[in-house]
Each structure stands twice: as structure tokens, then as C-alpha cells.
Amino acid sequence: MQHGPVVRRRKLGAELRALRTSAGITSGEAARLVGWHQSKVSRIETGTSGTKPADVRLLLDVYGVHDEQLRGLLVTLAHQDGTGGRNDWWHAYRGVLPPTYRDFISLESQASAMRTLETTVVPGLLQTPEYARAVTRAAVDGLPEERLDTLVEVRLARQDVLRTEPPLELSAVLDEAVLRREVGGPGVMARQLTRLVEAARLPHVRLRVLPFAAGAHIGVTGPFVIFSFSSTSDLDVVVLDHLTSSLHLERKEDLEAYSEAFNALLIHALSPEDSLDFIAATAAGA
């Protein structure tokens, strides 16, 4: 359980080392063939430093790896290390955002699908500016106004993943408490619920409400996010957020457990159609 990029660097390094060994090439020979110092190859293979997708392709050429699926997987791992992506815009906020938040945005930017359970607040990708400001102000006590503006700006910029081509496929289970908890006052909450209704009608957004009537469920242990990637399931990751840190789970058994948990939640949740009606009715009464 570590930061996402650290895990991915080690996974990428181990794969590259195995491919080099299979090719019968020493690290020194590999470095000479690509025109690097041997220490760079060693750092990549041990995961102590990241590498660019172009460098990965260069090494794969030297090792004689032509399998397109394998090449795509390893290049994607390099992207996930923060050295590439749709648009690494969050690096401009390096001095403001903690590393764990930047890691999360990197995963969100590269993922093809996101499944999330939210038990307290509206998912960040669906928050209105007013709601995002109220949530951020409550989460970080005594935040200077300028810093608050920046964090809200980042929250809204993240939402571009729902507007790119192809867009992120978002499937969210919302505990009824998310809809009932008044954040920012009645007006802010009413507009936020209306935003959820609009989002639920998008073809790549699926919202399911978990009503109080469902009683106790597996999600009472807390919210979680499962990111999936189009190239391969080997990159899927579960993210658990805590007050001061985040945990990234990438073991097969962890991924299976959380996928099963999400599917179990869907059984108890309202259908997408009934969920839309539920949200709309809540908005009308807000």
C-alpha cells in the first residue's frame, strides 16, 4: 500500500529487468546500446526513478520486444508514473497540491473508467463550483482565500476528464446521506442536486443511489475508488482516502475484493432510472 507512481515504477522496472535478462543482455550492454550511463538503467529497473514512454520504447526495441500488447502495457506504466498523460496540467500546481492528490489526479487523468462509492459528499467530478468551495473550506480549516480559490480551480479542472474524447466512464454509488447532507446552504445544495440530475443523463455517467432503507451494507466501512485502464486490467488500482494520506491497492486479491464489494452495493442500490427520479425528487424538495 503505497503511492500509485511508486508501485508503478517498481512494476515497470521489474518487467524491464526481466525482459533484458531474457534477451541475454547485461545492464551495461543495454546502457551502451541506447547511449545512456549504466546507472540510469539501474535506477529504472529498481524503480528509484521514473522514465519517459519514449525511453521505454527504446529499451524494448533493444530487447527485441515486438508484442504490441506488452509494449502498450509498459508504455502505459511509464505514463502512469506522471511522465505523460492526456495533459499533465496539475504539475503547474506542484507547490499547492500534496503528492497524494497529484497521484490521484494522474490516475484519474489516465483511467478509462472509474467506479466509486461516496458516503458523505458528492464526487469531485460532479461538484458545482459553490459546492466544491464549501466542501474544501470545511475540510481544511483556516484556509486562506487565495489557496481556497486555487483548490477549487483544480477541482473544476479535473472535471475535464468527463468532456474529453473518449470521456472517462464514471459509475458512482451515492449513499442517500450524500443527497441529504446540506453543504453550503439550501441554495448551494439545490443547485448541486440539479447538477447531479444533469450528469446522470450523460451516456458515460451512471449514478446509483443507495437509500437509507437498504440498511447496513458493505460500504459502511468507507468510500473507495476503483480506477480501470483500457490497455489492461493489470493497471487497475483501488484508492482509499484518509485525512492526511491515500492508500493505493494493486494486488489482485484486493482488486477482486473491492470489485465484488462494488457489485454487492449495486444489488442494494436503486436502478439508474429510479436513482435519477430519487435525486430529482430530493432536488425539488431541497
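Author: Let us begin with a charge over a ring, which is counted if NZ of Lys or CZ of Arg is within 6 Å of the ring centre and within 35 degrees of the ring normal. Here Lys 40 lies over the face of Trp 36, at 4.1 Å from the ring centre. The model is a predicted one, in which local features need pLDDT of at least 70 and side-chain atom pairs count only at pLDDT 80 or more, whereas totals for chains, interfaces and linings use all residues. Residues are numbered from 1 along each chain as its sequence is written, and side-chain values use heavy atoms, with hydrogens and water left out.

Reader: How many aromatic pairs are there?

Author: Rings of Phe, Tyr and Trp (its six-membered ring) pair if their centres lie within 6.5 Å, and planes under 30 degrees apart count as stacked, over 60 as edge-to-face and the rest as tilted. By this rule the count is 4 aromatic pairs. One of them joins Trp 89 and Tyr 93 edge-to-face, with 6.1 Å centre to centre and 85 degrees between the planes. Trp 89 is partly exposed at 22% relative accessibility, while Tyr 93 is buried at 15%, where buried means under 20% relative accessible area, exposed over 50% and partly exposed in between (1.4 Å probe, protein chains only). Another edge-to-face pair is that of Phe 224 and Tyr 258, at 5.1 Å centre to centre and 70 degrees between the planes. Phe 224 lies in strand β4 (residues 224-228) and Tyr 258 in helix α11 (residues 252-268), so this pair ties together parts that are 34 residues apart in sequence. Helices (H or I, at least four residues) and strands (E, at least two) are DSSP runs, numbered from the N terminus.

Reader: Is Phe 224 buried or exposed?

Author: Phe 224 is buried, with a relative accessible area of 5%, whereas Tyr 258 is partly exposed at 22%.

Reader: Where is Leu 168 placed, and with which residues is Leu 168 in contact?

Author: Leu 168 is in the loop between α8 (145-158) and β2, and Leu 168 is buried, with a relative accessible area of 0%. Contact means heavy atoms within 4.5 Å; leaving aside neighbours within four places in sequence, the contacts of Leu 168 include Glu 108, Met 114, Leu 125 and His 204. Leu 168 and Val 205 are 37 residues apart in sequence and 8.5 Å apart in space, C-alpha to C-alpha. The loop between α8 and β2 also holds Pro 166. Most peptide bonds are trans. A cis peptide bond, however, joins Glu 165 and Pro 166, with omega about -5 degrees.

Reader: Which residues lie nearest the centre of the second largest pocket?

Author: On a 1 Å grid over the protein atoms alone, a pocket is an open set of points where a 1.4 Å probe fits, with protein on both sides within 12 Å along at least five of seven lines, and lining residues have an atom within 4 Å of a point. The second largest pocket is lined by 16 residues, and nearest its centre lie Ala 200, Val 205, Arg 206, Leu 207 and Pro 272. Two or more lining residues come from each of β1 (113-118), β2 (169-175), β3 (205-210) and α12 (272-285).
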